[in-house]
Amino acid sequence: MAFVGTEAALARGIELDRSRYPLVAMRAGEHYTQDDWDVLMRGMIQLIVSGPFGLINDTRGSSMPNAVQRRAVAQMYADYERQARAHLLASGIVGDSSLVNGILTALNWLKPPPHPVRVFSSMTDAERWVLQHFNVELRRQAQAPSVEHRVG
């Protein structure tokens with residue numbers, strides 16, 4: 001079961017799709033603002049402190065985060081390291097080119113996040129890999145869209 005609308009390009013903003021929580025998908029459009037990024041960071045912190053989940057980060061068609069945004073991610077991991085280690089089970093990053101995938105892989109080698117990360121060229125492969133990090137109950141919960149966790 002795929003996330004609704006994940007194959008359509010997101011033109012603006014950032015979407016954090018919780019419809020299949022504890023499996024969460026993040027997509028950034030080609031253009032997003034610092035305010036969009038700040039909303040994303042608040043959403044990620046909320047997820048990290050709430051409980052176990054897995055993330056699929058669809059970077060296809062989006063611009064790379066700038067230095068301020070990369071620092072915000074590093075600060076989030078520093079401030080919430082214990083919760084991130086316990087609750088963010090795995091992150092599958094989906095890229096649209098071998099160059100982007102190589103850059104993402106290299107960045108993760110230089111400063112590994114406190115959870116398993118792997119780069120993929122398709123949502124299906126990323127989802128399959130992230131779900132491998134779930135226990136049976138979490139996998140069952142991720143199969144059907146959740147009423148409680150809407151897109152935001």
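**Notes on aromatic pairs and the sheet**

1. At 6% relative accessibility, Trp37 is a buried residue. Please keep in mind that this is a predicted model.

2. A search of the whole structure turns up 2 aromatic pairs. One of them joins Tyr32 and Trp37: the ring centres are 5.9 Å apart and the planes make an angle of 25°. Planes under 30 degrees apart count as stacked, so this pair gets that label.

3. The other aromatic pair is Phe120 with Trp129, at 5.7 Å centre to centre. Here the planes are 50° apart, and the pair is tilted. Phe120 and Trp129 are both buried.

4. Now to the sheet, which is open and has 5 strands in the order E1-E2-E3-E4-E5, with mixed pairing. From one strand to the next, the twist averages 20°.

5. Which strands stand at the edges of the sheet? They are E1 (14-20) and E5 (117-120). Each has a single partner strand, so one side of each is left without a neighbour in the sheet.

6. Strand E2 (residues 23-28) runs antiparallel to E1, and 5 bridges join the two. Within this pairing, Glu15 stands opposite Arg27 in E2.

Conventions. Residues numbered from 1 in each chain as written. Predicted model: local features only at pLDDT ≥ 70, side-chain atom pairs only at ≥ 80, totals over all residues. Heavy atoms only, no water. Phe/Tyr/Trp six-rings, centres within 6.5 Å; stacked < 30°, edge-to-face > 60°. Buried < 20%, exposed > 50% of the residue type's maximum accessible area, 1.4 Å probe, protein only. Pairing = 2+ DSSP bridges. Helix = DSSP H or I, 4+ residues; strand = E, 2+ residues; numbered from the N terminus. Axes fitted to C-alpha atoms, helices over the stretch in contact; angles between N-to-C directions.
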